[in-house]
Amino acid sequence: MGVSANANTGAFLLFFIAAILLALSTTCTALNITKSLAPYSDYSTLSDLFRKTKLTDAINRRQTITILALDNSSIQSITDRSSDELRKILMNHIILDYYDRQKIQKLGKKSALLTTLYQTTGSAINQQGFVNITRIARGEVVFGSAVKGAPLVGKLLGSVISQPFNLSVLHISTPIVAPGFGDAILAPPPPPGSSKPPAAAPKKSPSSPGPSEEEEDEDEAESPSPSETPAESPRAGKAKAKSRSKSPPEPDSDYDDDAEEPTPSASSRVVWLRVGLAAVIGLIASLVAF
């Protein structure tokens, strides 16, 4: 009788402790996007729009997620949209996987399709629920809708939050508006002076006079005669080609130097909780056997 009572007591204690540890582990891994973005005032408008479109709860129910975040200035271009349209656009900025700058760098392909929260609604057509991520020249990364013909408009500017492998918030330049979600937002043009347009070719007019005799004489005086420019010997040409082949290639630019150190993950706490649970179970089992 006493042995049976002790066994029942041990089983109850075991169940009680396991329930507590399970609740603690769930609390440690649960997301709170509002609290996570609170220290970053540049993203206060994004946090408010998540709340107004009732996406906060949908985000917090996920254990792994990536937010393509727009700062207060960039997001103004979509704040005047209807509630339904704005909700669809924002859902396409919520990736159902963890991607930080280091993971993006290790992508085996130049381009990849990422699943967004809008894909889970069952209303997506023509890949509206996917985002295209592409690495372009000089190590830059851009995002855009995966719908055929949609432009890549959102340039990756940096990382805001990195909590492997639960939450990543990446700063992008321009909202991603899939076809069918309203007017697209195009990427801003480059600042003036950043690129110089090629000079137009001179046009010849039939009535334009040809060069004068004095100009022809000056051209002939300035151009060296064939006897003054000795031809390069074959041996010298081979030496130059050999020296060029030995010159080291220029290193490819990447953003390894900008990569942030990952912050400690909440999943590590879960591991320790599970280890503690195993230890407590073993202790209770030994007491019951005794």
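Select Lys103 and Asp97 to begin: their side chains meet in a salt bridge, with an N to O distance of 3.8 Å. The model is a predicted one, and a search of the whole structure finds five salt bridges. Colour this pair by accessibility. Lys103 counts as partly exposed, because its relative accessibility of 30% lies between the limits of 20% and 50%. Asp97 is likewise partly exposed, with a relative accessible area of 30%.

Next, select Glu140 and Arg138. These residues form a salt bridge in which the closest N and O atoms are 3.9 Å apart.

A salt bridge joins Lys155 to Glu140, and their closest N and O atoms lie 3.4 Å apart. This pair links distant parts of the chain, 15 residues apart: Lys155 belongs to strand β6 (residues 152-163), whereas Glu140 sits in the loop between β4 (130-135) and β5 (141-145). Lys155 is partly exposed, its relative accessible area being 33%.

Finally, show Arg138, Glu140 and Lys155 together. Which arrangement do Arg138, Glu140 and Lys155 make? The three residues are linked in a network of salt bridges.

How values were computed. Residues numbered from 1 in each chain as written. Predicted model: local features only at pLDDT ≥ 70, side-chain atom pairs only at ≥ 80, totals over all residues. Heavy atoms only, no water. Salt bridge = Lys/Arg side-chain N within 4 Å of Asp/Glu carboxyl O. Buried < 20%, exposed > 50% of the residue type's maximum accessible area, 1.4 Å probe, protein only. Helix = DSSP H or I, 4+ residues; strand = E, 2+ residues; numbered from the N terminus.
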